[in-house]
Amino acid sequence: AETPLPARLSAVNLLGQSGFDTSGRTLLELIDPEVPLDVQKAAVRSIGQMTEPAVATELLRRERWRAYSPPIQETVVATLLSQPRHAGAVLTAIESEQIPDWSLRPAQRNQLLKHQDEGLRQRARELFKNLQSGDRMKVYEDYKPVLALKPNPVQGRAVFKQHCASCHRLDQDGIPVGPDLFGIRNQPKEAILLHILIPEYEIVPGFAGYVIETKDGRTLSALIASETATSLTLRQALGEEETLLRSNIASISATALSLMPQELEKNMSRQEMADLIAYLKGE
């Protein structure tokens, strides 16, 4: 713990070059709230690039998942789905209710729904069949009464920090992955609720999701933050960026989905939803 952070990160990355039997347990011990977040995320990525089946099993174990902070949950899912060999384990974890289905963002679910393995595609269709926009409109209608609740905007800011700040910025809080939310205060509460419950109802230009397959076998869901003649810079949740050489890109495809998670309402009470909307509205 006394070692400078850059040296720790280098050591964690080096351990990722070995097998799970050699260094997996050491890396798992670093995914702990007492360890700096950057070290935890580096440990997840190092484990995720290992080939053994135990990799996904251990990262998605129920007791571990519940102990992860939201940024680590995001990193675990993104890391495992970037390696096609771990996709089946992610589906298994959802099927066995080790992790909730809403842990995957729409673009990540779409990635599984279009997986090259027909068996995995069928499993994904069965798991996510109830998460289509039509069903989400029913949820929207069901949640409209929260707009009549007496809100607490101060508590709403706390809800924002917990559930939204990993991708949005407002009043100096958060990470600007998605659109800046200051202009949302000009929208009616009904529209704000709609955008929270159905993220892909309207996607701001420049913030569409892409699925990028690399020649070294990874699959990434991200925004394209910038590009040059020779490279693309991808931006994922939590502001994580990665630059890929165009020569290492096998394919790029745009999706009609937002990177924002579905079923966000399952993470909060109806009162907290009312508080969040009041804060976003600037009350």
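**Salt bridges within and between helices**

In this predicted model, Glu118 is partly exposed, with a relative accessible area of 34% (buried means under 20%, exposed over 50%, partly exposed in between; 1.4 Å probe, protein chains only). Arg121 is also partly exposed, at 21%. The side chains of these two residues, Glu118 and Arg121, form a salt bridge, with N and O 2.2 Å apart (a side-chain nitrogen of Lys or Arg within 4 Å of a carboxyl oxygen of Asp or Glu). Both residues belong to helix H9 (residues 118–128) (helices are DSSP runs of H or I, at least four residues, numbered from the N terminus). Three residues, about one turn of the helix, separate Glu118 from Arg121.

Residues are numbered from 1 along each chain, and side-chain values use heavy atoms, without hydrogens or water. Local features need pLDDT of at least 70, side-chain atom pairs count only at pLDDT 80 or more, and totals for chains, interfaces and linings use all residues.

The count comes to 16 salt bridges. One of them joins Arg25 and Glu58, at 3.4 Å from N to O. This pair links distant parts of the chain. Arg25 sits in helix H2 (residues 20–29) and Glu58 in helix H4 (residues 54–59), 33 residues apart. Glu58 is buried, at 7% relative accessibility. Arg25 is partly exposed, at 47%. A network of salt bridges links Arg25, Glu58, Arg61 and Arg64.

Asp142 pairs with Arg270 in a further salt bridge, the closest N and O atoms lying 2.5 Å apart. Asp142 is in helix H10 (residues 133–143) and Arg270 in helix H13 (residues 270–281), so the bridge ties together parts 128 residues apart in sequence. Asp142 is partly exposed, at 42% relative accessibility. Arg270 is partly exposed too, at 33%.

Note on methods: Helix = DSSP H or I, 4+ residues; strand = E, 2+ residues; numbered from the N terminus.
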